[in-house]
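Colleague: I would like to learn how to read the features of a model such as this one, step by step. Could we begin with a helix and what surrounds it?

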Amino acid sequence: MKFSYIGYKDVTKTATGTNLKVVLTEDSQALDEVVVVGYGTQKKVNLTGAVGSVDAADLTKRVSPNASSMLQGRVPGLQIVQNSANPGAEQAAIQIRGQGTFSDAGSNPLVLIDGVEGDMNKVNPNMIENITVLKDAASASIYGSRAANGVILITTKNGTEGRLNIDYNFNMAWQSPTTKQDRITNSAEYMTLFNKALTHTGGDIATKGYKQEWIDAYKNAAPGDPMYPNHDWYDDIIKTAPMQQHFLSVNGGKNGTTYNFGLGYLDQDGMVIKTGYKRYDAQMNLKTNLGGRVTFGTNINFSKSQRHSTSYTSGGNQIDNNETEDMILCMYAQGPYYTPYLPDGRFCTGGYSGRGHNKAPLAVAYSGGGKKFDENYVLGSAFAKVKIIDGLDAEVKASVRYNQLQSKCLTVSVKAYKLHPDEFGNHEESTYNSDVNTLTVRQETEMQYTLYGTLNYKKTFADKHNLNVMLGYNQENFKYDKIGGYRTGVPTNTHWELDVAPTAGQTNEGGAYEWAIQSYFGRLNYDFMGKYLFEASFRYDGTSRLASGKRWGLFPSFSAGWRVSEENFLKNVEWISNLKVRGSWGQLGNQNIGNYPYQDLLTAVKYNFGGQVSQGFTQDALSNPEIKWETTTAVDFGVDFGFFNNRLFGSIDWYKKTTKDILRELQVPTHIGVSAPMVNDGTMENKGWEFVLGHENRIGNFTYSISANLETYRNKLVKFGAREINSSNGTIKQEGLPWSSYYMYVFDGIYQNQSEIDNGPKPLSNLTQPGDMKYKDISGPDGVPDGKITPDDRVVVDGAFPKFNYGFTINAAYKGFDLSLFFQGVEGKKIYVKEWGIAPFRQASVPSTFWRGAWDGEGTSNSIPHIFNDNYAPNTAVSTWWLQDGSYLRMKNIQIGYTLPKAWLSKIHFQNVRIYFSGDNLLTFTDFFQGLDPERTAQNSRGAIYPQAKVVSFGLKVTL
C-alpha cells in the first residue's frame, strides 16, 4: 500500500494485519529547490533578491510555437503583450517591472540561454527545463550594463544518467480569430447610410454617393444574383488556419556522460490569406566528465525558418512596410455590393466608377509576388569546468551567435475591374503598381562572440558560517552587416532573383555597425546557519558605445534576508513552514544607446553640381562626447512565506526603480537645421507591488493546486524638460505624469439641436451641426473656461498604463486524468483606437453594426454621433470618445489530458503515453469595441490589425 500527502515523502508498506502504523516524514524538496541565477544556482530559500521562475511542466501546458507567449501571466512583474498572431512575427512586447527608460535604449530585458545571449523564440519550448526572471537590481546587477531592464535566464534540458529515452510530441491545431466584428453587409443599407453620412459631412451625392436606382436594384435583386451581392469580405481574407508541431528527443547518459538531442518542426498557416511560417530547429546538449575533476560540455541550438506573406502594391523598397496590416486595412475598406471576382472570373475592385474603396486585396494576394523571409540562426557554446581543490571551481565558456536574415519582396502589377459596366458595356480597369514588377532583396547578418570565465570558492566554517565567493571576466563583440538591392521591370510574377531584371533604375543599400563590451564581476554570498543571509555583487563594465573617458561604469548591489522561521521562537510553530523577509538595493547601467552617439557622423547625400548628380557627405546631427551611462537604481523589500507544510505559499514584494541620466536628444528649436545631440537629461520612476498566493493538496488519488499572481505599478516621468504634445495621437510627455499620458478633449454628449450649438461654448470646428460630438469647455489660456473649445481644453486622462495585471492557474489530477486552466488579465488599460475598423466609411469602410444606433434626430442618441464620412473634423478630434477601456480577462489556456496506465504500457515497452486536448484564448471578457481584441501593444492604433488567435488542438506525448 502507498501512502502520500502533500509536503511529505511517499511511503509504501505491505499490509500484514488489521492495523498498520505509517509515519510520514517531511519532504525537504521544497527547501532544497534550486533556482538558476546569474552565473550559477542558489537554493530558493536562500535567495535575497526578487526572482521568479517557471519550470517546464507549467511552461508547456500551453501549446504555442514560441516561448514568449508561454510566459505571459506566469510571473508577477513580467509584462508580455502579444500584438498579433501573425506567424513568425507576433511582435510580443516584453518588459520587467514597467517601462524603465524613454531613451532609444528601450525597455527590453536581457535574454540569456544557457548563460549566453540569444533569442528565446528560436528555442523549441520542449527543450526548455526552466526559466528564471531576475527582477531587481540585486539579482540582475551581476550582468551590469546589460541588465537595466531585468534578465530572463533560460536553461535547456540536459540528459540524465540511466536508460536511453526517446520522446516524441505531436500537436495538431486550428487557429481562428478571438473575435469577429459585426458589420453592415447589406448592400442597400450600406449605400443608404453612406449617402446619409455624405450628406451630413457636406459631400456631393451626385459624384460620390449612390444613386437611388442602384440602391433599389440591390433591394429588389434575387438572392444569389452575382451582379447584386451582399458580401462580407472578412471571410475572404480571414480563414481558419491549421498548425502542426512535431518534436523528437533522444536523451540519456552513462559513465559520466549525458546527452540530449532534440529535433523540432513547426508548420503554421496564417489566418490572413497568403501568410505562413515554417521552422526547423535542433538542439544538442552534451556534458561529459573527464577524469573526475574536469567536466566538458556543449550546447548548440540551430533554427531555420521561412515566413511568407503578401506585398504592398506600390513601387520602391517595400520590405519594411507592414503588408499584413495593409491587407486587413484593405479588407475593411471594401463595400459589400461587390465581390472579389467578376462573374467571368476576373478580379473585381469596386462596384461603380468614382466610388471610394481601397485596392482589391484578393487581387493583390493571388496575382503572384509577395514577401519571403528566410532566417538561419545558430547559438553554440562550449564550456569546461575544473575542480581545482575542494571548494574551489573554475569555469570557462565561449559562444558564438550567428543570425542571417534574407528578405525578398516581389511587387507585381495587378489589374482589377469594376463590377458594373459603363454605358458601353466595359468594366473600368484599375492597375496597381503601374504595369511594372519590382523586386527588392536584402541580406542582414549578425555575429556575436562571447567569452567568460568564473572562479568560485565555497566553504563552510564551524558548521555555521557558509561562504560562497565568485569572481569573473566577460568579453562580448557584436557586428551587424546589411546589403541590399532593388530593380524594376521583373519579367514575370514568379521570378525572385535580381539578375532577371534590367539594371536601368536599380538602387542598392548597405550598412554596418559593431560594438564591444568588457566586464569584470563578482559576487559574495554569506549565511549563518541558513538563517541570516547576505549577498553583495558588482559589475565593472566598459563599452565601445561611449567615449574613452566615459566608458567604464561600476554597478554594485547589496541584499539581505532573514529566515524568521528558523528562529527558536518559531521552530515549534508547526503551521509555519517558511517565513523569510528580504531587502535589496542595487544599480544597473544601460549600454543599448546606439552605436556611435558620441562621434561626429557623416551621411552620404546626392546633390546637383554643374548639372550633374554628384555624391557628397554631410553632418546632419550634432554629437556630444560627454555623454555617460544611463543608471537605474532599484530598491526591493519582500516577504516569502509557506504555511501548513507549504501547502499554502506565496510572496509579497514592493519595489522602486529609478532611472537617471537618461540618454535622449537635446530639446532644441527646429531652426537649428540638424538633429540635436544626445545628452544625459531625464529621470523616470516605477513603483509597484507584486503578490503571489498558492495552495496545493492531495485527497486520496485526487491532487490539485491553485495559484494566483497580481502586480500593480505606477510610472512617473520625474525629469524631462519642456513638455511635448503629440496632437495626432493625443499624448503628452510632461514631468510628474506617466510617460506618454493621454491628453485629449473630453467627450460630453451629442449636440441635439442648433440651439445647443448657438448657446453653448463655441465648437472646435466651424462645420459642427446637430448630431456631432460635444466637448467639455474645461479651460482657456488663463486656466478657466472661456466659452469656446480650443486646444486649452485638452486634459490628461488616465489609462496609459494598466492599474494592475494578473493571472491565475488551476491544476487538478485524478488517477490518469489531468486538467489545467490558466487565466490572464489586465485592468485599467485604455487604448485609443481610430480609423479603419472603427470609424465609419474610412476610405469607404463598412461600418460596424453599432453605428445603426447613431444619432438620427433630436433625442435619438446622446452617445453615438450622426454617422459621418471619412475624416469629418467635428467628430474625429482626438477625444475620449475614441479612448476605450482595454481591460480584459482571458482564459489563456485549458488543457485536458489522460496518461495511459503503466500496466498497459509495460506490455508494449512504452514508458509513458499521454493524449490531450487544448484550447487557447477560448474565452475573453472585455468592454472594448465590439469585434476588436483589446490585447495589443500599441497605445494608439487602428482598429484594423492582425487578429489574435483562438486555438483548438489535440496532441500526443510518447516516451519509449
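Modeller: Let us begin at the start of helix 5, where a side-chain oxygen of Asn186 reaches to within 3.2 Å of the backbone nitrogen of Ala188. Please keep in mind throughout that this is a predicted model.

Colleague: How many residues does helix 5 have, and what follows it?

Modeller: Helix 5 has 14 residues and reaches 20 Å from its first C-alpha to its last, which is close to the 20 Å expected at 1.5 Å a residue. After helix 5 comes Gly202, whose phi is positive, near 85 degrees.

Colleague: Which residues of helix 5 are buried, and what covers them?

Modeller: The buried residues of helix 5 are Ser187, Ala188, Tyr190, Met191, Leu193, Phe194, Asn195, Ala197, Leu198 and His200. Because 10 of its 14 residues are buried, helix 5 is largely enclosed by the rest of the structure. What covers these buried residues includes helix 6 (205-208) and helix 7.

Colleague: How should I read a helix that has a buried side, and which residues of helix 7 are buried?

Modeller: The general idea is that an α-helix has 3.6 residues a turn, so residues three or four places apart point the same way. In helix 7, which spans residues 212-220, Trp214, Ile215 and Tyr218 are buried. These residues cover an arc of only 100 degrees around the axis, which puts them on the same side of helix 7. On the other side of helix 7, Glu213, Lys219 and Asn220 are exposed, whereas the buried residues of helix 7 pack against helix 5 (187-200).

Colleague: Let us turn to charged side chains. What is the general idea, and how many salt bridges does a search of the whole structure find?

Modeller: Side chains of opposite charge can pair when their charged atoms come close. In this structure, a search of the whole model finds 45 salt bridges. One of them joins the side chains of Lys122 and Asp119, at 3.0 Å from N to O; Lys122 counts as buried at 8% relative accessibility, while Asp119 is partly exposed, with a relative accessible area of 28%.

Colleague: Which parts of the chain does the salt bridge between Asp653 and Arg582 link?

Modeller: Asp653 forms a salt bridge with Arg582, and the closest N and O atoms are 2.8 Å apart. The pair links distant parts of the chain, with Asp653 in strand 30 (residues 648-660) and Arg582 in strand 26 (residues 576-590), 71 residues apart. Both Asp653 and Arg582 are buried, and they belong to a network of salt bridges that also includes Arg97, Lys135, Lys580, Asp636, Asp640 and Glu690.

Colleague: Where does Lys359 lie, and with which side chain does it make a polar contact?

Modeller: Lys359 lies in the loop between helix 9 (323-332) and helix 10 (361-366), and at 14% relative accessibility it counts as buried. The side chain of Lys359 makes a polar contact with that of Asp326, at 3.3 Å.

How values were computed:
Residues numbered from 1 in each chain as written. Predicted model: local features only at pLDDT ≥ 70, side-chain atom pairs only at ≥ 80, totals over all residues. Heavy atoms only, no water. Buried < 20%, exposed > 50% of the residue type's maximum accessible area, 1.4 Å probe, protein only. Helix = DSSP H or I, 4+ residues; strand = E, 2+ residues; numbered from the N terminus. Arc of directions from axis to C-beta. Contact = heavy atoms within 4.5 Å. Polar contact = N/O pair within 3.5 Å; in protein donor to acceptor, adjacent residues only side chain to side chain. Expected span 1.5 Å × (residues − 1). Salt bridge = Lys/Arg side-chain N within 4 Å of Asp/Glu carboxyl O.
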